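The structure comes first, then the terms as they are needed.

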Amino acid sequence: MPRRGILKLVYLLALVVCVSAVGDFDWTRNEKTSFYYGTFPTGFLWGVGSSAYQTEGAWNKDGKGMSIWDVFAHKKGKISSNETGDSSCDGYYKFKDDISLMKEMKLNHYRFSISWPRILPSGLKSEHINEKGIKYYNDLIDLLLDNTITPVVTLYHWDLPQVLQEKYGGWQNESMVSYFNDFGDLCFERFGNRVKHWITFNNPWSISVEGYETGEHAPGLKLRGTGAYKAAHHIIKAHAKVWHTYDRKWRSKQKGLIGISLTADWGEPVDMSNQRDIEAAERYIHFYLGWFATPLFHGDYPQVMKEYVGRKSGQQGLGASRLPVFSPQEKSYIRGTVDFLGLGHYTTRYITEKNYPSGFGDSYFADRDLAELVDPQWPDPGSEWLYSVPWGFRRLLNFVKSQYGNPMIYVTENGVSEKMLCTDLCDDWRMQYFREYINEMLKAIKDGVNVKGYTAWSLLDSFEWDEGFSERFGLYFVDFTNKDKPRYPKASVQFYKRIISSNGFPNQREVESWKRKAVETCSSSNQLLAADPLIGHMEMVTEIVVPTVCTLCILLSAVFFMFLLRRRL
Ligand code: BGC
């Protein structure tokens, strides 16, 4: 065959491979079916998750530096009831107790994050390494391993060192890429002999949109229409750089895996027979998950994002798109930098097309030209945004399979909250949520999606970002009013334990008995908790009432004494 013919064939083959990698998602498949009884593949991993700022507390102890969340939470009006994560669950001091809880549940893995400023107070490796912070994570990892619980470690769960925010503008600045790489490298050096599962970033969508677009999260910047895209661009580059560092320097010695954890809702077209709704739903997912997944799997932003943001930027009279551009070298550097995809998922939206006119103002949200809707029938037990829509999970998993070449997936977050006022440990709605979402994941595995593990969010009630402690995602209830931060198991602990020990849902009779049994055990703990307000009241008596009464007595006696003295004179 002549050379040109061979070249043509190679080109054609490459094209076929590329096109088939971005397979079409079939919107009509995976119908909402009834409950599926069956078990997960042998070796499927079950775990729970947490993050440093949400649980550790000890915000200014043992040489830790400030993070953007420490500073943000201390500003009035940023967090519900002006709460902070200063002490939170005191996980820094209570990790031994928490590992006992995990052991009791027979978990395979525990996902936690490393606080960057706890080990590098100024953010920079070249300046100062805080050995006390390193010791804390060493002790945590060692104890997990002693208990045969695999540590799954997130490098960045939102707590950027404050110094890096102040000096450089945080993720708006490209210099974060190499600072983050130094931090990652240090973690591999100190912990990599024992940690085999690394997650670079947790939910970069939230970091970018809530941190730099809407400002609801730290650092609280409202750089509408540009801030989120810029932050995301640097985060993707930082992820790729750390992945390459691991690959080049540590992988052959340490034999671990390194991925990222992306969180995404599912978007379902309002009207499946309407092509414009289908396209709007596709845009919703590409602007959410695809924004990060497409560069990491295929080397560039989703075509639809480039088109929409580019067109809108043009209409706004800008010379270039607000969506940054990867150079050809960057594209090949970024492509394929995931050993596994971590997936966080909570909820679903219905999507329909909605045009935002160009005079509407720049924003990530307006760029998408769509509207999000919810079905009022969907249960929404806790957080305002979280509706329980289990079938969306199966669809999302199938979408990942079809778009990104069926990668290895670890579900890194899934769970449901309740409002603070609801102190019922018999959390029926959470058992229901886990039962159905985990079942949809099982169906997805039967569809051929490559899911290897599941992480329930979260082990404990914890600091829920701008919502403070008002929304509780924990399997364990934490009494934050008590100095000792005691943990009480909710019924879902027993329920999740049964799923783990059966590795799924063996048969109807058994599964139906689980909830009943779990509720029996939680009633007694409920009584314990009901006693707590009394304890709280007694504390109030000793801490406030007693000193006040004593002071009054002293004052009165003084007055009485003076009165007596006067009469005598
Ligand atoms: C975050 C968690 C948070 C959860 C619920 C996730 O995307 O990673 O830290 O608790 O959402 O809001």
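## Terms and basis

Ala, Val, Leu, Ile, Met, Phe, Trp, Tyr, Cys and Pro count here as nonpolar, Asp, Glu, Lys and Arg as charged, and the others, Gly among them, as polar. The model is predicted: local features need pLDDT of at least 70, side-chain atom pairs count only at pLDDT 80 or more, and totals for chains, interfaces and linings use all residues. Residues are numbered from 1 along each chain as its sequence is written, and side-chain values use heavy atoms, with hydrogens and water left out.

## The ligand and its shell

The side chain of E413 places an N or O atom 2.8 Å from a ligand oxygen. For W465, a polar side-chain atom lies 2.9 Å from an oxygen of the ligand. The side chain of W457 has an N or O atom 3.0 Å from a ligand oxygen. On its own the ligand has 310 Å² of accessible area, and the protein covers 94% of it. Such areas come from the Shrake-Rupley method with a 1.4 Å probe; for residues, only the protein chains shown count as cover.

## The largest pocket

Pockets and cavities are found on a 1 Å grid over the protein atoms alone. A cavity is a set of points where a 1.4 Å probe fits but cannot get out; a pocket is an open set with protein on both sides within 12 Å along at least five of seven lines. Lining residues have an atom within 4 Å of a point. Grid points are joined across faces, edges and corners, and a volume is the space filled by probe spheres set on the points.

Where does the ligand sit? The ligand takes up the space of the largest pocket, by the test that more than half of its atoms lie within 2 Å of the grid points. The volume of this pocket is about 790 Å³. Its lining has 31 residues, with W205, S206, E210, Y288 and W385 nearest the centre. Two or more lining residues come from each of α9 (204-212), α11 (275-298) and α14 (364-367). The largest share, 3 residues, belongs to α9. Helices (H or I, at least four residues) and strands (E, at least two) are DSSP runs, numbered from the N terminus. The lining divides into 11 nonpolar, 7 polar and 13 charged residues.

The whole structure has 5 cavities of 30 Å³ or more. At least two lining residues come from each of α2 (52-55), α4 (91-104), β3 (109-113) and α6 (131-146). This lining has 9 nonpolar, 5 polar and 2 charged residues.

The second largest cavity holds about 90 Å³. Among its lining residues are H109, R111, Y410 and T412. β3 and β11 (409-413) each give at least two residues to this lining.

## Backbone features

A cis peptide bond links A218 to P219, with omega about 5 degrees. P219 falls in the loop between α9 and α10 (227-254). Another cis bond runs from W457 to S458, with omega near 5 degrees. S458 is in the loop between β13 (451-457) and β14 (471-472).

W158 has a positive phi, near 85 degrees, in a residue other than glycine. W158 sits in the loop between β4 (150-156) and α7 (162-168).

Notes. Polar contact = N/O pair within 3.5 Å; in protein donor to acceptor, adjacent residues only side chain to side chain.
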